[in-house]
Amino acid sequence: MSAADLELYEFRPRSALVTQDHTPQRPRFPVVDAHNHLGSVGSGGWADRPLAELLVSMDEAGIQAIIDLDGGWGEEILNQHLDHFKAGAPDRFYHFGGVDWSKWPELGNSFAEWAATRLRAQVRLGAQGLKVWKGLGLQVRDHHGQLVAVDDPRLDLLWQTAAELQVPVLIHVADPVAFFDPLDRYNERWEELHAEPDWHVPHPPYPAFLTILEALARLVLRHPHTTFIGAHVGCYAENLAWVSRLLDQAPNLYVDIAARIGELGRQPYAARRFFLQYADRILFGTDMGVDLAWYRIYYRFLETDDEYFNYDVNEIPGQGRWRIYGLYLPADVLEKVYRLNALKLFGK
Ligand SMILES: [Zn+2]
């Protein structure tokens, strides 16, 4: 290979900047990871290993507690998670239940009532929240074969039930904006979509990104007594002004930052203002398993003023070839984001 025919994917520029690396070995405050997945029994993950090993890894990373979103739809998986994790260390694990959308065609108009009953049963067993996966608004279909909108009024009973049971709803809709765009030379996530073609949900045939997000906004505003946590920075980390407007209108909305430091850290001025302004509404989360190297990147991003560093544990970051900048958050903001906001929501 000569320099003249270097392919773009082979390009590995090494920054010539002389910058500092202040990566914290441990977080400044104990951390609640409010968006993570502990996997299910039989998947070779933490559910199949002794709990003590997981606790050692959490202690090493300074993780006080984990919100596990893998509680499944019914009793069986939830019980496995409660038995394996929560029973052994009740203060360190919170497990979320879910909705089995595949039952809608069979149950028809009684679906919401059934889903609300399932949620009641899950909470009775020990679930402490409801996870809504991104299929809603994108793939979930009703008994007429119609796509179900995120704010479909037929689901109101489910959101009301969450409010009544006082459990938060962690909701992820849509995906990065670029996943809805054509897969062409202008797509900023071309490499990621090339590696994961199933993640591409082009509009059309899929709904437009903003159609889904506007439905999320209507949903959150229509249910002021239900606490929603918008996953991945309110599902729109690319547009903090949009998320800010919704946070202003909806005091019942929180956001987590899971898997979005690549977005936040390349708009560090806007991101820092966002954290300072909404310090009471932002939850720490990673979505990256229980992994010390990943946690340290998050701590570096939130705590330091380090410049132009990789936001991924891999040399070529998965989401795109950019670099991020630290937010050097003040101690009071940091503690809220790291743990106090989560304890307010889950500590009951
Ligand atoms: Zn997740």
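Predicted model: local features only at pLDDT ≥ 70, side-chain atom pairs only at ≥ 80, totals over all residues.
Histidine 37 sits at 22% relative accessibility, so it counts as partly exposed; the cut-off for buried is under 20%. Histidine 35, by contrast, counts as buried because its relative accessibility is 1%.

Both histidines belong to the zinc site. The zinc ion is coordinated through NE2 of His35, NE2 of His37 and OD of Asp287, at 2.1 to 2.3 Å. Along the chain, the spacing of these donors reads H-x1-H-x249-D. Water is not among the atoms, so the site may look incomplete.

The largest pocket holds about 760 Å³ of space. Its lining comprises 24 residues, and Phe11, Pro13, Glu191, Ile316 and Arg321 are the closest to the centre. Sorted by class, that lining has eleven nonpolar, eight charged and five polar residues.

The second largest pocket has about 600 Å³ of space. Here 32 residues form the lining, with Glu192, Trp199, Ala259, Arg260 and Gln319 nearest the centre. By class, the lining of this second pocket has 14 nonpolar, ten charged and eight polar residues.

Technical notes. Residues numbered from 1 in each chain as written. Heavy atoms only, no water. 1 Å grid on protein atoms, 1.4 Å probe; cavity = no way out; pocket = protein on both sides within 12 Å on 5 of 7 lines; lining within 4 Å. Points joined across faces, edges and corners; volume = space filled by probe spheres on them. Nonpolar A, V, L, I, M, F, W, Y, C, P; charged D, E, K, R; others polar. Donors = N, O, S within 2.8 Å, 3.2 Å for Na, K, Ca; no water. Buried < 20%, exposed > 50% of the residue type's maximum accessible area, 1.4 Å probe, protein only.
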